[in-house]
Amino acid sequence: MSTAQPLNVGLLGLGVVGSAVAAGLLEGRGNLAGDGARPLVLKRALVRDAKKKRPVRLPARTLTTDPSAVLDDPDIDIIVEVMGGEQPACDYIARAIRSGKHVVTANKEVLCKRGDELLPMAERHGVRLLHEASVGGGIPIIGPLSSDLLANRISSIRAIINGTTNYILTKMAREGASFDDVLREAQKLGYAEADPSADVEGWDAAYKIAVLARVAFGASVPLDRVYREGIVSLQAQEFRYAATLGYTIKLLAAARRAGDGLLVRVHPALIPSDVPMAKVDGVLNVVEVEGDLVGPLWFQGRGAGPQATASAVFGDLLRIARGAEIRPHARTGRRGDKVKLAPMANHECKYYFRLVCKDRPGVLARIAGVLGRSKISIASVIQMDADAEKGEADLVIMTHPSLERSVQRAMKEISELPVVARVAAVLRVEGY
Ligand code: NAP
Ligand code: HSE
């Protein structure tokens, strides 16, 4: 038993993650920092509704609905923010920092949108703002990027960092089910939230890749500079056709040095079925990092859930208890180089197109003409399902590496051809 003076913890939020952190503190995980470290003790927990039934039983007078009872308590040393959302979380974090409290947060939205002001604020006040749980749930990724890998020049991060969409895409691929049906099932099982828009429209992954880009590249990435496409418009056919061609579909989040800029993007991508990323299924997450000294690294694990996320929160809490020197934004401070962001228009990769076309002679020639004029080279064309009644067929075209800007221009022109009923899908193929 440690004789060191305890560090008092104030929790902001006692939901999925907060309850697991509280339970961990009550069962003594706050004593695990080792000899000489200060033990962690739960002092207060802020909630909206004090009458709600919780999975954890707190000692009397721990629960409060008054933010000041936590934020203004001079005996509280560390705030754990697990409320979520930009506000009031951001204001509460800033208030805690200004009053000299360390902060541990799982909140990727605040880190993405307000990290550029909060992280330097913590430096100025001599406290820590740690956020291992903000990306990849239980996967240790912020810590390795900001300490063990500090000597590396990181060239690329590619990740699956949204469990909800990975669960949906895995089910669509395995069962040939529609997006709406799988989403409904995911909501029933508690994987997807009642309002799933942040996940399925790619916002959650965009917050997380922006947070990773700050840590790995020292880049300040405003949310509107993350190219973002969600998974809502993916159709069951794409999974079947992609499988026939040797691919699987994942919501990819990537940040990669391209020329003299950094391109940060989130979109569904065709991944070759024989590479490890194609096999990261269900709610699992993965982050693939490429450093100049270390080479490729692979971090895989549970990207969400109470226990896994609490593991990451405890990692940060115990670092503070040990007095460990760690800054999750060290690259920005150390190198001071401003990273230029590259536009998506410059992205180059192979593409998959599905065009619903009139099933008659001469159609392919018209489409090939537009692609040729746009300098897009065709690698293969396959006619898939046909609808004899409508006289239409699915034409699936795979290209050689092409520029995004040319593809967008060509697709507009192709969608206006009288022989094309619609451009049903334009998907990027990730290169390995
Ligand atoms: P949650 O279950 O919805 O819990 C949120 C908690 O915050 C609730 O206890 C709620 O109080 C409290 N709260 C919210 N707004 C408040 C306000 N204005 N004043 C006082 N209390 C307030 O959320 P969660 O799933 O635990 O997620 C928490 C954070 O962790 C989010 O930033 C999330 O993105 C992140 N995260 C979650 C996971 C995961 O697996 N769930 C994984 C990684 C990161 P009531 O209970 O009274 O409503
Ligand atoms: N909604 C997130 C996901 C939770 O599905 O991955 C973890 O941040």
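I started with the domain 1/domain 2 interface: the two bury about 1,700 Å² between them, with 67% of it on carbon and sulfur atoms. Buried area here is the accessible area (1.4 Å probe) that two parts lose on being put together, summed over both. Cys-112, Ile-139 and Ile-141 supply 34% of what domain 1 buries against domain 2, more than any other three residues.

Housekeeping: this is a predicted model, where local features need pLDDT of at least 70 and side-chain atom pairs count only at pLDDT 80 or more, while totals for chains, interfaces and linings use all residues. Residues are numbered from 1 along each chain as its sequence is written, chains are lettered from A and ligands numbered from 1 in the order written, and side-chain values use heavy atoms, leaving out hydrogens and water.

Next I checked the bounds, which come from an automatic or database domain assignment. The chain is divided into domain 1 (7–142 + 306–323), domain 2 (143–302) and domain 3 (348–429). The contact (heavy atoms within 4.5 Å) takes 20 residues from domain 1 and 23 residues from domain 2. I also noted that 26 Å separate the centres of these two domains, taken over C-alpha atoms.

Then I looked for charges. I get two salt bridges between domain 1 and domain 2, counting a side-chain nitrogen of Lys or Arg within 4 Å of a carboxyl oxygen of Asp or Glu.
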